[in-house]
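Student: I have a structure to go through today. Could we work through it step by step?
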Amino acid sequence: MTRTVTILGIESSCDDTAAAVVRQTDGVPHILSSVVYGQTALHADFGGIVPEIAARAHVEKLDGCVAQALHAASLTLADIDAVAVTAGPGLIGGVVSGVMLAKGICAATGLPLIGVNHLAGHALTPRLTDQVPYPYLVLLVSGGHCQFLIVKSHDDYTRLGGTIDDAPGEAFDKTARILGLPQPGGPSVQNAAVSGNSKRFKLPRPLLQNDGCDMSFSGLKTAMIRARDAVVADQGGLTVQDQCDLSAGFQAAVADIIDRKSRWALNAYMALNPARRVFAVAGGVAANTQIRARLTALCALLDTEFVAPPLALCTDNAAMIAYVGLERFAAKQWDDMTLSARPRWPLDTTAAPMLGSGKKGAKA
Ligand code: KG4
Ligand code: ZN
């Protein structure tokens, strides 16, 4: 007999309001619908995400977003088995909005409520897309986070290392601002880099020669400001070619850092002797084509499968939240109405908190 479980997922921890329906049939998950309302235009004039604006926009969009996800899946709440909602980490106003909506739905329908860690959503995406078995190595690389994790179960993560200051997505966004390119910075820096000479500017690669998987991006950002200022002092402004060359130099430096530290992480992971060796990426920066190309080549060299989810599932979405909901539902890990929204929520609670540790990002 076919066994199905259907989860409604809700995500509102940063600047995307999202709802999705994911159904697992005989152990295989399928995304029935995934609706995302981005807020980029709302924050465009401010050079970053304004938490209060984000929270209000979530409140306005959330219920319609859920209705749309159900409609797109041709389902009603009567067809849903549980509601999974991001309960942190993230911008607290947004997280609270999602949690309150989920509680309301569960109170009205009697459905089980499942609080989900947003980072677990990114970290488990390779299981949603490629049914990757545990344990696998994942690089979570987004606007607020950067860490290597060995994923041993939906509830068991070992953090091998991560950024000690800024997250790479944040550095991409700041670089775009420094160069006068539009937000979000990742895609615009990537586009500019296509026509750029990555060798024109000498940019640092902090911690590259150090042992271990820790990374640092704030010195690179400062070097970008200096390089830009030197060009402006010399020429009175930036040409399009300067923007492209600086973008290419920055992107190459980030790719070098991630490539080198991934080698360290892969060595630690391989020491576990996993039956199927998988290195997956997740988070918004995993959309970067140069970083993907470097990691694809690295994995080919080390005889490891490289899993990169489709771009729409790398950036924030609710399908990944619904998927974590499926695993927690199967483990009967349900929450009740005391579920609270958490601004911080590390996946590996045994890992020592890192100084700075990417806590300056939007999701910090
Ligand atoms: O995972 P995400 O949607 O939200 C967070 O949890 O942070 O990631 C958003 C981040 C932004 O900083 C954005 O600039 C970056 O991902 N990003 C990229 C690219 N696309 C998005 N960074 C580099 N290259 C890209 N193509
Ligand atoms: Zn995210």
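Student: Where is Ser 247 placed?
Tutor: Ser 247 sits in helix 8, residues 240–270. Helices (H or I, at least four residues) and strands (E, at least two) are DSSP runs, numbered from the N terminus. The model is a predicted one, in which local features need pLDDT of at least 70 and side-chain atom pairs count only at pLDDT 80 or more, while totals for chains, interfaces and linings use all residues. Residues are numbered from 1 along each chain as its sequence is written, chains are lettered from A and ligands numbered from 1 in the order in which they are written, and side-chain values use heavy atoms, with hydrogens and water left out.

Student: Is Ser 247 buried or exposed?
Tutor: Ser 247 counts as buried, at 0% relative accessibility. Buried means under 20% relative accessible area, exposed over 50%, and partly exposed in between (1.4 Å probe, protein chains only).

Student: And which residues is Ser 247 in contact with?
Tutor: Apart from neighbours within four places in sequence, Ser 247 is in contact with Leu 179, Leu 181, Val 189, Ala 192 and Ala 193. Contact means heavy atoms within 4.5 Å.

Student: What about the largest nonpolar core, how many residues does it have?
Tutor: The largest nonpolar core has 83 residues, and those with the most contacts inside it are Tyr 136, Ile 258, Phe 279 and Leu 295. Helix 8 gives the most to this core, with twelve residues. A nonpolar core is a set of buried Ala, Val, Leu, Ile, Met, Phe, Trp, Tyr and Cys residues joined through side-chain atoms within 4.5 Å.

Student: What lies apart from that core?
Tutor: Another core lies apart from it, with 25 residues, among them Ala 73, Ala 102, Cys 106 and Leu 113.

Student: Back to Phe 279: which residues is it in contact with?
Tutor: Leaving aside neighbours within four places in sequence, the contacts of Phe 279 include Leu 137, Val 138, Phe 148, Leu 266, Leu 295 and Phe 306.

Student: New topic: which residues coordinate the zinc ion (ligand 2)?
Tutor: The zinc ion (ligand 2) is coordinated by His 118 (NE2), His 122 (NE2) and Asp 316 (OD), at 2.1 to 2.2 Å. Donors are N, O and S atoms within 2.8 Å of the metal (3.2 Å for Na, K and Ca); water is not among the atoms, so sites may look incomplete. In sequence, the donor residues follow the spacing H-x3-H-x193-D.

Student: Which parts does the pair His 118 and Asp 316 tie together?
Tutor: His 118 lies in helix 4 (residues 118–130), and Asp 316 in the loop between helix 10 (311–314) and helix 11 (319–330), so the pair ties together parts that are 198 residues apart in sequence. His 118 is buried, with a relative accessible area of 2%, and Asp 316 is buried too, at 12%.

Student: What is the site of the zinc ion (ligand 2) like in its angles?
Tutor: The site is irregular, with angles of 91 to 139 degrees among its four donor atoms. Four donors count as tetrahedral if all angles lie between 85 and 135 degrees; four count as square planar and six as octahedral if opposite donors are over 155 degrees apart and all others between 65 and 115; anything else is irregular.

Student: Where is Gly 237 found?
Tutor: Gly 237 is in the loop between helix 7 (218–235) and helix 8, and is partly exposed, with a relative accessible area of 23%. The C-alpha atoms of Gly 237 and His 122 are separated by 40 Å.

Student: Which peptide bond to Pro 135 is cis?
Tutor: The bond from Tyr 134 to Pro 135 is cis, with omega near -5 degrees. Pro 135 is in the loop between helix 4 and strand 6 (136–141). A cis bond also joins Gln 183 and Pro 184, with omega about -5 degrees.

Student: And what is the phi of Asp 303?
Tutor: Asp 303 has a positive phi of about 55 degrees, although it is not a glycine. Most residues other than glycine have a negative phi, and most peptide bonds are trans. Asp 303 is exposed, with a relative accessible area of 62%.

Student: Finally, how many helices and strands are in the protein chain?
Tutor: The protein chain has eleven helices and ten strands. Of its 364 residues, 53% count as buried.
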